Number of protein chains: 2
Amino acid sequence: MTRRLIRLTCLAAFSALAIGIGEAAEKPLGFFAASRDAEARAEKVLLETATPDGARRSLAALTEEPHVAGTPQEKRVADYVRSRFAEMGLDVDVVRYEAFLNHPKSVSLRLIEPVEMELSLREEPIDVDKDSTPRGMFPAFHGYGASGRAEGQVLYANYGTRADFERLARLGLSPEGRIVLVRYGQVFRGLKIKEAQDRGAAGVLIYSDPADDGYMKGDVYPDGPMRPPSAIQRGSVQFLSLGPGDPSTPGYASTAHAKRVPRERMEGVPRIPSLPIAYGEAEKILRRLGGPRVPDEWQGGLPFSYHLGPGGAAVAMDVQMDEGLKPIYDVIARIPGAVQPDRLVILGNHRDAWTHGAVDPNSGTASMLETARGLAAALKAGWKPRRTILLASWDAEEYGLVGSTEWAEDHARELASNAVAYLNLDAAVTGPDLDVSGVPSLRDLAVEAAGDVAEPRKGGTVGSAWETRERSAWASRAPVELAAPDPPFEMRLDPLGSGSDYTAFLDHLGIASLDFSFSGPYGVYHSVYDNFRWSSRFGDPEFVYHAAAARYYGLVAMRLASAEVLPLRFGSYARPLREDLDALRREARRKVRTPAEPGSTEKPAIDPDFTPVLDALAELGRAGEEADRTAARVVEAGDDQGAHALSGALAQLERAFLEEAGLPRRPWFRHLLVAPGTTTGYAAWPFPGLNQAIEDRDPALFEAESRRVVIALRRAAQKLHEAAASAR
Amino acid sequence: MTRRLIRLTCLAAFSALAIGIGEAAEKPLGFFAASRDAEARAEKVLLETATPDGARRSLAALTEEPHVAGTPQEKRVADYVRSRFAEMGLDVDVVRYEAFLNHPKSVSLRLIEPVEMELSLREEPIDVDKDSTPRGMFPAFHGYGASGRAEGQVLYANYGTRADFERLARLGLSPEGRIVLVRYGQVFRGLKIKEAQDRGAAGVLIYSDPADDGYMKGDVYPDGPMRPPSAIQRGSVQFLSLGPGDPSTPGYASTAHAKRVPRERMEGVPRIPSLPIAYGEAEKILRRLGGPRVPDEWQGGLPFSYHLGPGGAAVAMDVQMDEGLKPIYDVIARIPGAVQPDRLVILGNHRDAWTHGAVDPNSGTASMLETARGLAAALKAGWKPRRTILLASWDAEEYGLVGSTEWAEDHARELASNAVAYLNLDAAVTGPDLDVSGVPSLRDLAVEAAGDVAEPRKGGTVGSAWETRERSAWASRAPVELAAPDPPFEMRLDPLGSGSDYTAFLDHLGIASLDFSFSGPYGVYHSVYDNFRWSSRFGDPEFVYHAAAARYYGLVAMRLASAEVLPLRFGSYARPLREDLDALRREARRKVRTPAEPGSTEKPAIDPDFTPVLDALAELGRAGEEADRTAARVVEAGDDQGAHALSGALAQLERAFLEEAGLPRRPWFRHLLVAPGTTTGYAAWPFPGLNQAIEDRDPALFEAESRRVVIALRRAAQKLHEAAASAR
């Protein structure tokens with residue numbers, strides 16, 4: 001599925017010292033002087049082996065047919081990936097789970113007022129694109145969408161966020177018994193259904209508005225990369241922010257004999273029917289809607305003034321699903337570590353797609369296969385990684401990160417002990433711009449490695465291009481505090497929300513995680529036009545960014561696998577957290593100063609005390625700097641014993657932020673510093689407990705969560721002190 | 001013309017103590033206890049005399065025909081206003097000036113590539129609206145637009161701001177020899193032509209994009225209040241921010257024998273032809289444009305992806321103007337003061353319109369006539385204002401504030417000595433929301449009077465509704481500084497930019513000025529649909545806001561005319577200036593942190609020292625508070641002599657901010673604290689010299705301007721100290 005690029009401006013308070021790429025004495029990060037040459041030789045093999053042409057050939061093979069999880073087509077793609085790993089000489093395992101999935105049996109949507117009209121649930125064929133008419137393609141449906149019939153007056157609810165429904169309520173409009181029409185964007189689609197369902201809606205239609213990824217953002221396919229009028233965004237409607245994975249096995253693996261929750265008792269999947277539709281069809285409803293004119297910000301890009309309804313248009317929908325357990329296949333290749341084979345650096349990318357998936361996810365699969373070729377070549381050339389590398393090709397990610405979540409739950413104990421880092425790649429390439437999300441301890445490594453990958457078209461490195469863009473974004477977005485001097489710019493990774501396979505590793509197991517992509521204009525997300533022709537015309541015609549992704553992915557993995565001192569650095573951990581906390585403080589302040597809307601029954605906004613968390617963060621910052629100094633000294637001295645002790649501690653450090661009891665009302669999420677927002681799904685909430693308390697206007701919850709965060713931050717600081725001491 | 005509602009968010013840093021409406025002991029502001037009853041009785045007559053029905057009848061009469069300045073129709077409307085004043089028993093003068101104006105002789109616009117097609121320069125008739133097909137109506141043209149023929153490839157330049165043209169240049173696209181197509185909005189239309197002309201464009205087309213005031217903002221006329229596809233925004237293309245008024249008599253009055261600058265030597269009017277067009281016609285060009293896709297923010301609301309050109313579409317335009325001196329008529333009624341007849345409170349509203357002008361300006365004229373009826377009735381009931389009130393109905397405002405500017409230049413000396421305040425009303429009513437702009441010294445009076453006018457539909461007062469809206473806007477827009485506690489909310493007036501008749505009074509002569517309107521969705525600005533039907537269907541069907549405007553206008557005028565201590569208060573003068581200065585400081589900081597764009601030849605951003613201005617502002621604040629305390633004491637004591645001395649000083653205070661030499665490169669503008677932006681035209685630049693220096697990246701200019709501002713602020717503080725001393 002991939003995290004759609006929704007950056008909350010309030011979170012984008014980038015700042016601080018840009019770290020000097022390529023100037024560090026200790027380079028690559030964590031490598032003893034004696035091992036740097038060998039590493040450089042191995043990396044050279046990787047960089048030369050991963051090529052645009054290799055990625056192009058893999059992508060063509062991977063995207064021959066649509067391959068939805070649980071279908072024979074997807075099994076064929078799993079077999080292809082397995083055979084590719086095998087032919088590279090890698091050990092490979094296929095792990096099968098039995099996952100609860102749905103496929104559509106029959107779907108229909110009719111306008112019944114003011115005229116009778118069948119609305120299309122398929123994309124239009126395009127002459128120049130053979131892949132626009134695939135055989136055996138499912139019509140429009142939602143992963144984990146419910147079976148059911150519904151009919152009623154249509155009510156337009158903008159993006160279908162909680163705030164949108166609250167605004168409708170203030171306008172006196174209720175979704176009850178109605179078909180709610182919402183547009184894609186801003187929050188994960190499952191949460192739109194949840195908000196509508198919680199308010200009594202009979203059914204939900206989600207359409208792609210041309211203002212969001214259609215003609216208002218660029219020329220539409222086949223003339224350009226953006227969404228044409230008939231393109232449908234499929235996707236899962238699981239209530240992702242409550243927990244991903246197979247809803248029939250919450251918290252444990254979907255093995256053959258696992259105990260199952262029946263459909264009617266599953267949490268986190270809708271009970272009312274829903275369908276995704278194209279803007280060409282949505283227009284036929286929206287144009288006819290009566291009722292009041294929408295609030296200004298709710299207007300989309302169709303060429304008329306939007307109205308809220310109800311009245312003017314009614315529809316009937318009938319959605320019948322084939323639901324049940326279907327086999328899914330995680331394909332996992334293993335490169336054993338020479339020194340610490342139990343330690344795991346895990347690379348993961350999903351393979352299943354709603355359609356052909358040329359971008360999502362198979363641009364990532366094609367890149368990962370090139371990474372694998374590069375690593376295999378380096379092995380043949382004599383490279384011996386200290387730690388074990390796993391390359392995982394996940395299945396059924398699109399339904400709710402199922403393949404990765406079930407595997408992570410299956411191996412929870414081993415991962416908790418041994419995992420060093422998880423590196424994710426989903427929709428890897430839609431254009432030239434590198435975006436990297438991840439935990440702050442991976443920042444230095446991520447920036448360093450990006451500085452070692454050539455920018456294929458503009459010259460320089462992908463790292464320098466990344467820094468230039470980040471610096472501009474920081475200049476315009478970071479708030480100006482007149483009372484303080486401007487903090488210097490510093491590179492940072494975006495916080496990880498959800499919507500891809502790092503979720504179980506980071507949020508459930510506390511494993512340091514990273515996700516990246518090369519991005520550009522991309523409007524055909526989850527439509528039949530996300531195919532090889534699109535990628536080779538618009539996304540990356542020369543496949544050079546696929547190759548860059550493969551090289552970058554490989555470099556980060558090799559360094560994590562081979563550096564004597566694990567390249568996780570904590571001196572820069574506290575600063576982005578401080579920025580995120582400041583954003584939250586601003587948000588809280590704004591809520592306090594905003595007068596209640598007339599007729600609102602909202603509780604008063606809370607004005608909480610952030611001092612304890614600020615103090616604990618400062619302590620974490622100092623401890624991180626101490627640990628970094630120790631790491632530098634150990635590297636400088638080539639101190640094997642110190643490196644071993646320090647690496648062991650650093651690998652475990654992220655686990656200090658876990659809380660066994662989990663977050664408020666969603667125990668599966670255990671990381672206290674980051675989680676998907678309960679009202680966003682994709683976008684990250686830093687300090688999710690504090691954020692929840694501010695959203696809920698609950699001062700007692702804030703105090704409780706603040707205490708838990710302070711304990712975790714202090715625990716991490718303590719572990720850093722101990723790590724530094726252990727290496728002395 | 002009226003200032004279109006463009007609020008720069010950086011200027012909207014409202015905050016501070018909301019002043020307690022209705023709780024002041026001294027109420028109305030400046031009135032001795034002994035005179036309050038008489039004032040209340042007179043005000044009651046005003047409030048009861050000004051009625052919705054009166055406004056409706058006046059508006060119907062005023063808008064019978066289109067009445068462009070310099071036409072016989074406009075002379076007929078002048079006669080109507082004169083006779084109305086006369087029949088109320090007021091002294092009335094008609095002041096004639098000979099103004100350089102243009103009317104279109106012939107205009108045409110043709111698409112010549114890729115197909116030949118005549119483009120329409122007239123609005124479409126609408127069956128239900130008899131006024132949509134007026135006899136003798138001019139086709140589309142621009143006031144002060146140049147005659148000429150031009151043809152060439154079309155280049156799209158977004159809003160045609162300086163920043164937009166600079167962006168085109170960075171993309172390697174030059175307007176030279178091309179027809180530039182820009183959309184209305186963001187800056188005054190004349191500046192769009194100036195920017196294009198300065199870069200060698202052959203001609204300019206300005207169209208109204210549906211994203212700005214068409215269907216994306218609401219239903220279009222005749223079904224709703226917004227702009228339909230054929231509606232044309234006429235208007236002046238004078239380079240307003242360099243100076244308004246008749247361009248043949250810059251800085252002096254257009255009397256019969258005045259020396260004239262010939263057309264070819266006039267500054268501040270275009271030399272290249274331009275035309276306004278409707279979006280229905282612009283679409284025929286834009287759809288065909290080739291070249292690169294526009295930057296995201298340049299996309300408008302037409303249903304396709306916009307391209308920049310050139311290539312794909314070429315047009316030919318032919319504009320022939322009838323130019324020359326034409327008579328214009330300012331109609332001025334006088335209510336002589338009983339105590340200080342030389343002191344002037346001036347109410348002004350323009351009368352000329354591009355079409356019928358039901359909103360712009362005759363909603364203001366109809367309201368002012370109701371105000372006049374109210375004042376006349378109060379006079380008959382025995383009211384005796386201390387000071388003289390003038391009611392001015394200006395002509396030729398639409399061309400460039402001509403009638404008011406010529407009159408102000410004609411009476412400059414008298415006004416400098418005697419004017420107490422200028423109260424402007426332009427397009428008075430498009431909906432229910434009161435917006436007030438003005439100098440900070442009129443804040444207390446403006447808020448107090450608004451609290452004494454009933455909100456006709458929602459209950460409460462227009463003041464309480466105004467405060468509620470301002471408070472919400474402040475909550476979301478004012479920056480949050482974490483290092484400081486949140487300042488309390490305080491009402492403030494928006495700073496005055498330009499685009500209406502207060503300009504000569506405030507910016508040239510330093511007379512405390514106010515402007516207000518009741519606003520709502522209004523998309524038919526300067527089109528043939530701005531007619532009586534529109535106002536009575538959408539703007540104010542019951543005419544209750546016309547009556548509210550008349551009552552508010554009258555109350556403010558009566559209090560200024562009769563209070564023993566002139567109700568100008570300076571204790572709150574410094575705070576909005578400080579907010580505006582802080583916004584400028586933030587802007588400067590952002591420029592400093594923003595890295596130069598690749599290929600930019602811009603000078604480095606300046607990082608100036610604001611301390612001297614901040615210190616001088618603080619001093620002004622203290623002096624203002626002292627003067628306010630003195631005023632309160634004088635009122636409390638009923639001290640006639642003190643009131644006389646203090647009022648004399650307060651009336652002159654705004655003049656302290658004038659600088660004889662004027663602003664950088666535009667000497668006609670002499671107010672150092674506020675002016676229209678040189679790159680905005682309508683929107684205000686607080687501290688225009690400092691703003692200019694930051695825009696120009698000129699540290700020496702900043703230092704010089706900072707010195708002038710500090711001197712002016714200190715001079716004002718000194719005058720306030722003296723005023724306080726004089727009343728002791």
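Me: Why is A:Ser254 called buried?
Reply: Buried means under 20% relative accessible area, exposed over 50%, partly exposed in between (1.4 Å probe, protein chains only). A:Ser254 has 0%, so A:Ser254 counts as buried.

Me: What are the ground rules here?
Reply: This is a predicted model, in which local features need pLDDT of at least 70, side-chain atom pairs count only at pLDDT 80 or more, and totals for chains, interfaces and linings use all residues. Residues are numbered from 1 along each chain as its sequence is written, chains are lettered from A and ligands numbered from 1 in the order in which they are written, and side-chain values use heavy atoms, with hydrogens and water left out.

Me: Where is A:Ser254 found, and what does A:Ser254 touch?
Reply: A:Ser254 sits in the loop between strand 7 (235–236) and strand 8 (274–277) of chain A. Helices (H or I, at least four residues) and strands (E, at least two) are DSSP runs, numbered from the N terminus. Leaving out residues up to four places away in sequence, A:Ser254 touches A:Tyr97, A:Glu98, A:Asp246, A:Thr249, A:Arg260 and A:Glu406. Contact means heavy atoms within 4.5 Å.

Me: What makes A:Ser254 and A:Thr249 a polar contact?
Reply: The term needs a pair of N or O atoms within 3.5 Å; within protein, one must be able to donate a hydrogen and the other to accept it, and residues adjacent in sequence count only if both atoms are side-chain atoms. The side chains of A:Ser254 and A:Thr249 make such a contact at 2.8 Å.

Me: Why are A:Asp582 and A:Arg578 called a salt bridge?
Reply: The rule asks for a side-chain nitrogen of Lys or Arg within 4 Å of a carboxyl oxygen of Asp or Glu. Here the closest N and O atoms are 3.1 Å apart. Both residues lie in helix 17 (residues 574–593) of chain A, 4 residues apart, about one turn of the helix. A:Asp582 is buried at 14%, while A:Arg578 is partly exposed at 37%.

Me: What makes B:Arg57 exposed?
Reply: Its relative accessibility is 55%, so B:Arg57 counts as exposed. Its salt-bridge partner is B:Asp53, with the closest N and O atoms 3.3 Å apart. B:Asp53 has 39% and is partly exposed.

Me: Why can B:Arg492 and B:Asp580 be said to tie together separate parts?
Reply: Their side chains meet in a salt bridge (3.0 Å, N to O). B:Arg492 lies in the loop between helix 13 and helix 14 (502–508) of chain B and B:Asp580 in helix 17 of chain B, so the pair links parts that are 88 residues apart in sequence. Both residues are buried.

Me: Why do the copies meet through the same surface?
Reply: 100% of the interface residues of chain B are also interface residues in chain A, so the surface is the same. In contact are 38 residues of chain B and 38 residues of chain A.

Me: How many salt bridges cross the interface of chain B and chain A?
Reply: The rule finds 4. A:Arg593 and B:Asp486 meet in a salt bridge at 2.6 Å, N to O.
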